[in-house]
Every structure is written in C-alpha cells, then in structure tokens.
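Please keep the sequence and the coordinates at hand while reading.

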Amino acid sequence: MSKVKDRIVHFVDDWTHAEALARTGFWGAHGGAGSIFLARDTGRLLLARRSHHVLQPGTWGTIGGAVDRGERPEETVVREVREELGIHVNTTDLHLCYVFRDTKSHFVYYNYTVLVTEEFQPVANWEVSEHAWVEFNQWPDPLHFGMQAWLQDPHGERTLRALVRQITDENTGRRDRSR
C-alpha cells in the first residue's frame, strides 16, 4: 500500500474504533487483543502501566489495542507489540489464555501470553508510562479491569498459571541437569 493509502486506512480505522467506544464503552469496532510477556529465563511476567493519554490511565495490564478491519487477533498482538515496544514477535510465541466477552455490547478482547527467551527492558511511549516484570500472583496495583477479569476467570487464571508453571519446571529441570 502507498503511504497515503496507509494513512487513510489508519484514519478510517481510528474513526471506526472511536465510534465503537461511544456506542459500547470499548475501543475497537472489531474487538481487541493484547498480551503480557512471560520470560523463559526467569518465569516472570511483563505488564504495562497505561499512560495518562489513554483510557483507564495508571492501571496495569496488557500491551494491545483494537483489532483492525480484516485483522486476526494474533495479527493485532504482533502489530501492537511492534508499535508499542518496537520488537517483533511471532504468532507461534503467542498463547491464548483468556477471552473477555461483554454480554451487553458483544465486545470481545483476546488476551495472550507471549513467550520470550529472556527479560528485556522495554522503553515507555505515549501509551505506556512504565513496565514491570513480576512474579505470578505479585500483581502491581491497580490492575486494569481487563487484567482483573482475566485473573478472576477460573479458566483464564488456570491457563496462565499452567504456562508459568511449565516454564518454571523447565528452568528447574535445566538447573538440576547442570549440577
């Protein structure tokens, strides 16, 4: 696509998402998708603190945003991570852990965990004021309502806990074999 056409498509998508916010209370005409990160080397999770320029400022949650027209949720996560952190992740590193569904508006938000080899230091941008690597169940406060919903959902919490346990067990096994 040309740069002009890309800008026009982006403008139309933003307008469509803003219209959905006014109608439903959620940013994203086609739903949303986001991710937290799980580092294989430490078993810790990366969460983002939302800046004062976005909805629910100061809360901790996923790196993500609206699903654009014609985009799959996995593609949204890859795009949002690239836009917000400047790094590239593969869809093969994504693990769907929880799907939030608002029964009144039918808004859907897909929550993924991205497996990375090791912790990294992301740079804050206009959407995110800071990041934190945390142990499972050592959540920063206040959590974004979407992150709270994920952790309060029995299946969502169990799926994330199992993924963290798998990584922790792999690390324990590697340490035991190296002795």
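Which residues does N171 touch, not counting residues up to four places away in sequence? With contact taken as heavy atoms within 4.5 Å, N171 touches R40, D41, T42 and G43. The model is a predicted one, in which local features need pLDDT of at least 70 and side-chain atom pairs count only at pLDDT 80 or more, while totals for chains, interfaces and linings use all residues. Residues are numbered from 1 along each chain as its sequence is written, and side-chain values use heavy atoms, with hydrogens and water left out.

**Residues of helix α4**

- N171 has its place in helix α4, where helices (H or I, at least four residues) and strands (E, at least two) are DSSP runs numbered from the N terminus.
- With a relative accessible area of 8%, N171 is buried, a term that means under 20% relative accessible area, as against exposed at over 50% and partly exposed in between (1.4 Å probe, protein chains only).
- A polar atom of the N171 side chain lies 2.7 Å from the backbone oxygen of R40.
- R158 is also placed in helix α4, but it counts as exposed because its relative accessibility is 51%.
- Between R158 and C97 there are 8.6 Å in space, C-alpha to C-alpha, although the two are 61 residues apart in sequence.

**Aromatic pairs**

- Four aromatic pairs are found in the whole structure, a pair being Phe, Tyr or Trp rings (for Trp the six-membered ring) with centres within 6.5 Å, counted as stacked with planes under 30 degrees apart, edge-to-face over 60 and tilted for the rest.
- F37 and F120 form an edge-to-face pair, at 5.5 Å centre to centre and 80° between the planes; this pair links strand β1 with the loop between β6 and β7, across 83 residues.
- F136 and W139 also pair edge-to-face, because their ring centres are 5.4 Å apart and their planes are at 75°, and both residues are buried.

Technical notes: A polar contact is a pair of N or O atoms within 3.5 Å; within protein, one must be able to donate a hydrogen and the other to accept it, and residues adjacent in sequence count only if both atoms are side-chain atoms.
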